[in-house]
Amino acid sequence: MRQIIAHLWQFHRPTLLLFLSALAVMVFFGLRFLWAVFYWSNPVHLHQPPAAWMTPRYVAHSWQVPPQQVAEALQIPAGLPARPTLQDIAKARDLPVDVLLAQLQATLNALQGGLEN
Amino acid sequence: MSAWLLQSLATWGLPLLFATTFASCLALPVPASLMMLAAGAFVASGDLPASGVCLAALFGAIAGDQLGYWLGRLGQTQLHGRSGKSSGKNSGTALRRARAILQKRGDMGVFFSRWLFSPLGPYVNIAAGALAMAPLRFTLWAVLGEIVWVAAYVGLGMGFASNITLAAELAQDTTGLLSAGILALGLGAWLYRRLPRMMRRVG
């Protein structure tokens, strides 16, 4: 093995270095993959915190709560487009989007607590 | 830009998805994979239709590939017209060698640069056009590759709809692992072939 490495190091150094870098990159992504699986297998991290781009239905889907309850909590004003985002709803309700997101998060926590009990 | 596109996905839906994959095939910096994941998540939540999402993403990508290819082809015709006068014999040799590689490995190059090595895709399109790869052959492998690309990302978005941040991370890690693995395999084989015969068995 040492002989082989010495030979390659002497005659094909750039390719050998490239090969070793590719191996290092493989290890990096492999570890990241394992870390992601480990991190996301924790139920606390399973659902996606509400963000401005999401639709109410998507939030309901992600948190596995009934869509009507999300819609009620958001008090969606009439006259919005077919697929309003949380940003659209905040704008129509004259609320900063962060406030709406925080309120929704609190509702979701409460709903989930209710569903689990 | 990336945040704005994601923010507009629910509002503009399929046309925006089409425009994103189209732009990404021309090397414009748009988050096409994230948009497909999010569109897949919207399919799961019932906000967007599955067939529409797949077709919009697929046709955007195919159209982008074709534009890149034909731009390369057009550029090549002009280059060809000029090169006769100014450049010497070397550029002709290089071009011939590039063509030979394309003849031998072009199909796989086009196919894998759609989804596995997708950052290379736009340049492969232009190169394939410039080196006059047969249009039908290019289109066949490009379409097959784009089908894999779109199906993988939209499918992942649907499957991991409850958390597309997770889906994005898994996709990134998997493509990173696969492309580095293929590169390592290729380089490893190249190095192995250059070992003196007596050393080969030991490794």
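In which hand, left or right, does α1(B) cross α2(B)? The crossing of α1(B) past α2(B) is left-handed, meaning the near helix is turned anticlockwise from the far one by less than a right angle (right-handed if clockwise). Helices here are DSSP runs (H or I, at least four residues), numbered from the N terminus.

Before going further, keep in mind that this is a predicted model: local features need pLDDT of at least 70, side-chain atom pairs count only at pLDDT 80 or more, and totals for chains, interfaces and linings use all residues. Residues are numbered from 1 along each chain as its sequence is written, while chains are lettered from A and ligands numbered from 1 in the order in which they are written. Chain B averages a pLDDT (the predictor's confidence in each residue, from 0 to 100) of 86, with 90% of the residues scoring at least 70. For the model, ipTM is 0.78 and pTM 0.82.

Now the interface. Chain B puts 36 residues in contact with 34 residues of chain A, where contact means C-beta atoms, placed from the backbone, within 7 Å. On chain B's side, the elements giving two or more residues are α1 (2–24), α2 (32–45) and α7 (164–193). The largest share, 17 residues, comes from α7(B). By class, chain B's side has 20 nonpolar, 12 polar and 4 charged residues; Ala, Val, Leu, Ile, Met, Phe, Trp, Tyr, Cys and Pro count as nonpolar, Asp, Glu, Lys and Arg as charged, and the others, Gly among them, as polar.

Terms used: Two residues are in contact if their C-beta atoms, placed from the backbone, lie within 7 Å.
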